[in-house]
Amino acid sequence: MTKLKKQLKETKNDFNYRKFKTIDGRHPLQKEVPDSTVNYKARTRKGGKVAFFNFDLAKEMGLIPKNHPNHITPELEKEILHTFSIVIINEYDQINDLKFPEEEIRPHEYMATRYLQLQHPNKQGKTSGDGRSIWNGQVKHRGKSWDISSSGTGATALSPATHIYGKYWQTGDPTISYGCGYSEIDEGMGTLFFSEIFNKNHLETERVLGIIEFQKGIAINIRAQQNLIRPSHMFNYLKQGDYDNLKKIVNYYIDREIDNGNFHDAPKSEKKRYDYFLKKQTEIFAKMSAKFEDEYIFCWLDWDGDNILMDGGIIDYGSVRQFGLFHYEYRYDDVERFSTNILEQKEKAKKIVQSFIQLIDFIKNKEKQSLSKFKNHKVLDDFEAIFEETKNLNLLGKIGFNEKVSQELLIKNHKEVEEFRKAFT
């Protein structure tokens, strides 16, 4: 009995949840690239309950200890709600001089980030970005940094509705859907199930850390990934010809990937670092598009680089699909437009790589060239080669060969593998 009491005491002391207290809105991007963020004060949002918490992910991030039981304790729920149950004080609130209890206002500002979005009237990313999301902050654990963001925390100035209708919206306004700043619990649950399946199948994806449920199916859906930067975070500055901010965001991304061990062999020379960045992004997007095609995954890739992370991770599960058979004719109906189909994703990924070529050329030479100038760039040949090689490896993996044997077959019997793939296709 004494031993049991001692174990319980030690376990209880482990559950101090101190990492939650570091998630307070502050994020290095606010200082590294201040133009890329719109910062908001936030206040406590009451009436929520924890509908889901991802214990495995939380342990991986160091938010809870490894020996924590996989159930919500009263102390843990209190920490989750205190950290994540918030709503921003937006432009509508400020214009209308709405007052909130001082003790409910958080000490630090939370950021909505700017990025390119095709559904915005402005096609240079001057008005677009996180329309109903903020970034909660960053957590570091065992040499890895994790970004955390929440959807459903209020209407920001970067919502399409703000610029389509020319007005700021009150959070929760029932007369506007996406522009009201709220998310729904079925969105969070759908993303949770889909992303965890993808994660277990070794596909890069943002993951759901938690879901806070409110009345009428409204929710705050909390997401995490080691780096939540998208190509569109860079492409807005590329489209605008904003050299200084483009260079800042690219350097920020490279430094983050080095710190996280993903760009572990990056050269120290600035010029060579940019070449290395281009090589890595070409590999990522060629392999990713081949994987999507072979796994029958629809992920809406387009010129703005909005629906994918820089590491090829899947986000925004509202339009993502995976089919049991090769449904190559499927297109997502987004009311005003239809999406690409699975077979067109490769060319969209290649176009994103072409934009990376333009981007790096701009940074290195300080003069922005036309995107069309790079349509025959040698890096696009590298993309094609990596794509084809990945398709071969994917097929060999499907019929049962491990990675080592697949590599040997490609070296010794490349022609036979190509012929087999042609027949299979």
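I searched the whole structure for aromatic pairs and got 21. My criterion: rings of Phe, Tyr and Trp (its six-membered ring) pair if their centres lie within 6.5 Å, with planes under 30 degrees apart stacked, over 60 edge-to-face and the rest tilted.

The model is predicted, so I took local features at pLDDT of at least 70 and side-chain atom pairs at pLDDT 80 or more, while totals for chains, interfaces and linings use all residues. Residues are numbered from 1 along each chain as its sequence is written, and side-chain values use heavy atoms, without hydrogens and water.

I looked up Phe285 and Phe356. They pair edge-to-face, at 5.7 Å centre to centre and 65 degrees between the planes. Phe285 is in helix α10 and Phe356 in helix α11, so this pair ties together parts 71 residues apart in sequence. Helices here are DSSP runs (H or I, at least four residues), numbered from the N terminus. Phe285 is buried, at 0% relative accessible area. Phe356 is buried as well, at 0%. Buried means under 20% relative accessible area (1.4 Å probe, protein chains only). Ring pairs also link Phe285 and Phe356 into a cluster that includes Phe235, Tyr253 and Phe277.

Next, the nonpolar core (buried Ala, Val, Leu, Ile, Met, Phe, Trp, Tyr and Cys joined through side-chain atoms within 4.5 Å). The largest has 58 residues, and Phe277, Phe285 and Leu359 are among those with the most contacts inside it. Helix α10 gives the largest share, 10 residues.

Last, I checked charges over rings (NZ of Lys or CZ of Arg within 6 Å of the ring centre and within 35 degrees of the ring normal). Arg45 has its charged end over the ring of Phe214, 3.9 Å from the centre. For Lys167 over Trp169, I noted 4.2 Å.

Methods:
Buried < 20%, exposed > 50% of the residue type's maximum accessible area, 1.4 Å probe, protein only. Helix = DSSP H or I, 4+ residues; strand = E, 2+ residues; numbered from the N terminus.
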